[in-house]
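This briefing looks at an annotated site and at the nonpolar packing of the chain shown here. Please keep the sequence and the structure in view while reading.

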Amino acid sequence: MRAFSRRHRRQLLLLDERPSLLLALGRFLFRYRSELAPFATATALFMGGAVFHSQEPDAVPWLFAATVGVAALTLTRSFPWNIDRTEERIYAAVGTLIAGGWLTAATALGPSHEPLPLLLLTATVALAVPWWTHRRRRARVRVDRAIQAWPDIAENIGLAGSRVMSAVVDIWGWRARLHLANGQSVADVLSRVPAIESGLGTRPGAVRVEPDPAHAGRFMMRVLAADPHAGAIPWRGPSVQSINHPIELGVFEDAATVRISLLRKHILIGGTTDAGKSGVLNVILGNLAACPDVVLWGIDLKGGMELRPWASCLARLATTPAEAAVLLRDGVRVLDARAEAMSRAGARVWEPTPKAPALVIVVDEYAELVEQAPGAVEAAESIARRGRAVATTLLTANQRPTQKSMGGGALRSQMSVRICLRVRERRDVDLILDRGMLSAGWHAHTLDAPGKFYILGDGHTQPRRARGYLVTDEDVQTTAARYAESRPPLDGLSEGALVEADDVVEGEVVTEPEITLQMALRDAPSDGLSVPELMHFTGMRRTWIYDRLQQYVQDGRAAQVARGRWKSSADD
Ligand SMILES: Nc1ncnc2c1ncn2[C@@H]1O[C@H](COP(=O)(O)OP(=O)(O)OP(=O)(O)O)[C@@H](O)[C@H]1O
């Protein structure tokens, strides 16, 4: 009996707590205020018409003039609604004309005068349909509801006390700036992203959280209704014809284009196997190949696997540790010669032109260089330290950034553009981007598709998430073939620095592809080697090979042993 009465009392209590019908109606009206706005406006007009008709019947000319005036201002100046889109302005002007016109007629005749009520109803429904279906309005309403629901969501997921400071709707979704309660951190928010997605009712992966660089107790939340990174974004070819202009690399999360300047910038690309490192490298190389004011040299110690497809656009390609060491040493010589000439001329920086091109040295897998050619590292670091002003820069791709290969951060600190694709080890984020980036919330190990990366550009303290364009093998082939013949030679000053150097043999510069060519001819089988084979060994263009062969034949150093096949004349 006692148990029954307790239950009974609890039921009575619950009944008491139930919101009253009025409260529920109020909540419904408030929640759907945007959808109900056309009916609220029609009701207000009806009542306004009744008041004006009985109290101010002489206001008719004023109301008419005000209606025309406001409609004209709306159309021409967006006033007083402050809307930027033409179609929205037209809608607002038409709505103003209809509402003002009806109010004027209701003031003159009375709101119940036939056919005014029917006209009001018809106009309300006709104007309500585009209002209800308008995408931007619906997006704004969704955001409003999410912001209202935030305190409850925050409480449920352990972020009680956090609040939305501001929110902006854009074409891909919305962004909000939030303030955390005392003692909460961005790391707490990051660990609750799936719970936030569930609370907001979005698809998984729709919510992105970024720290506010200015305040540890604030963060930015990005909610993507549509994901610009959902699919591969095809590359449309080079976007520049000079290194003086920023290249287009891909697309940020908010669908803005990623533009980076390569002029006087060392670039570090890092990412695990299949993260899309070659993709990013190819977008950059594709753009640089189209620039007649850049000379490209390449080092690829994985047998040229990565850079060989670009061989026709590379003035030099080193595929062995010895070749890499020579190439980097020459890079330093170019740098020194330029620096000296500039200091003589009192110039501050080397301005690249087709006659005085920039020199970009591409190093695929820098860790490999450190391991296989440790003697060359000093030259690479020297270029990293001193090369910017003389437009002699490094572009390195790293599958395995190690503490050792990054020189304890010395090399990284010179890299002004850092691109971090998906990494296998969480700590690699700090090696590629910067120390502390992992704990600050840049979780590159969670990037979920190839080509997605965080980019830390010159002058920015916070990385941004983006996806690179997808460059296919055919894109590489066609781009390399298209620009192969228009690649510039090095300027006279830089060439001169190499000629003056100690590897002069009887007045001729022996560069490392040339050494490879001579060795290949010397070691060729008795029926010689074909030009495509020699191109494969040296990584050089057909014309370059023919030039050298012609010269060697003249000098008696090589001979054509069969049709199209060559061998060294000296059988040593
Ligand atoms: N931006 C991109 N968008 C979509 N897919 C991409 C993108 N970049 C690369 N991919 C795809 O991802 C796969 C791996 O790409 P890629 O070869 O560039 O990776 P990687 O990091 O260079 O790998 P590895 O280190 O093994 O050479 C390829 O199948 C490629 O088609």
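Predicted model: local features only at pLDDT ≥ 70, side-chain atom pairs only at ≥ 80, totals over all residues.

A residue counts as buried if 20 or more other C-beta atoms lie within 10 Å of its own, as exposed if 12 or fewer do, and as partly exposed in between.

**Annotated binding site**

- An unreviewed UniProt entry carries the annotation "binding site" for G271, T272, T273, D274, A275, G276, K277 and S278.
- T272 sits in the loop that runs between β8 (267-270) and α10 (277-289), and because T272 has 19 C-beta neighbours inside 10 Å, it counts as partly exposed.
- Not counting residues up to four places away in sequence, T272 touches Q399, R422, V423 and R424.
- K277, by contrast, belongs to helix α10, and it counts as buried because 26 C-beta neighbours fall inside 10 Å.
- With neighbours within four places in sequence left aside, K277 is in contact with I269, G271, A397, Q399 and L421.

**Nonpolar cores**

- The largest nonpolar core has 100 residues, of which L288, L296, A324 and C420 touch the most other members.
- Helix α11 (residues 321-345) gives the most to this core, contributing eight residues.
- Because domain 3 (258-486) and domain 4 (511-568) both give residues to this core, it lies between them.
- C420 is in contact with G270, G271, V429, I432, L433, A444, F453 and Y454, once its neighbours within four places in sequence are left aside.
- Another core, of 14 residues, lies apart from the largest one and has W150, L159, V186 and V223 among its members.

Note on methods: Residues numbered from 1 in each chain as written. UniProt positions renumbered as here; feature names shortened; annotations may be inferred. Helix = DSSP H or I, 4+ residues; strand = E, 2+ residues; numbered from the N terminus. Contact = placed C-beta atoms within 7 Å. Core = buried A, V, L, I, M, F, W, Y, C linked by C-beta atoms within 7 Å. Domains from an automatic or database assignment.
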